[in-house]
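This report looks at one helix and at some of the charged pairs in the structure shown below. Please keep the sequence and the 3D view at hand while reading.

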Amino acid sequence: MAQLGFYYDMTVCTGCKTCQIACSDKNNLEVGTTFRKVFDFEGGKFPKPWAYHLSIGCNHCADPKCVKNCPSGALYKRTEDGVVMQDKDKCIGCKLCTWSCPYGAPKYIEKEGKTGKCNMCVDLLDMDEQPSCVTACQMRALQFGDIEELRKKYKGTADIKGLPDSGITHPSITINPNKEALK
């Protein structure tokens, strides 16, 4: 099975949040609910302050805890590409997936009484298009494709400050980090 994933270059990300907005628009999410979020980190002190941004959504992990802990079977991985999907009809709204994911990817949607999450815009993928967050990124900080190819091409890491240890779920993401973001 191929495993699709994301490459994120935090050295060029300006923190504009266009990826976050594009994702919310594509998924028709209400204000306050985001499947992709841009976090801002800053530190240091004069004369050497630092800042960086982290754009993160569902990492479509090789070992997704949300899938393993979903009691209704609503969450599953597509066999053809490893995308973590959700069958909303099976979701019982128990929130166990939201508590299980170390990245906080599944979100409880109060209005529906169910959870929702990034599905890598599979409707667009099935039409040979890119996820909306990737096409919206003005700096091209986000890319997507076969995760092994992305890892070979960019030689990034999934272990940076602000993220859990990649050994927990083996996320399908590789990041070109700022030096301040390295653990």
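Predicted model: local features only at pLDDT ≥ 70, side-chain atom pairs only at ≥ 80, totals over all residues.

Helices (H or I, at least four residues) and strands (E, at least two) are DSSP runs, numbered from the N terminus.

After helix 1 comes Asn28, which has a positive phi, near 50°.

## Salt bridges

The whole structure holds 10 salt bridges, each defined as a side-chain nitrogen of Lys or Arg within 4 Å of a carboxyl oxygen of Asp or Glu. One of them joins Lys26 and Asp123 at 2.7 Å, N to O; because Lys26 lies in helix 1 and Asp123 in helix 4 (residues 122-125), the pair ties together parts that are 97 residues apart in sequence. Lys26 is partly exposed at 32% relative accessibility, and Asp123 is partly exposed at 38%.

Another salt bridge links Arg151 with Glu148 at 2.9 Å, N to O, and both residues lie in helix 6 (residues 147-154), three residues apart, about one turn of the helix. Salt bridges with shared partners also join Arg78, Glu80, Asp81 and Asp126 into one network.

## Basis of the values

Residues are numbered from 1 along each chain as its sequence is written, and side-chain values use heavy atoms, with hydrogens and water left out. Local features need pLDDT of at least 70 and side-chain atom pairs count only at pLDDT 80 or more, while totals for chains, interfaces and linings use all residues.

How values were computed: Buried < 20%, exposed > 50% of the residue type's maximum accessible area, 1.4 Å probe, protein only.
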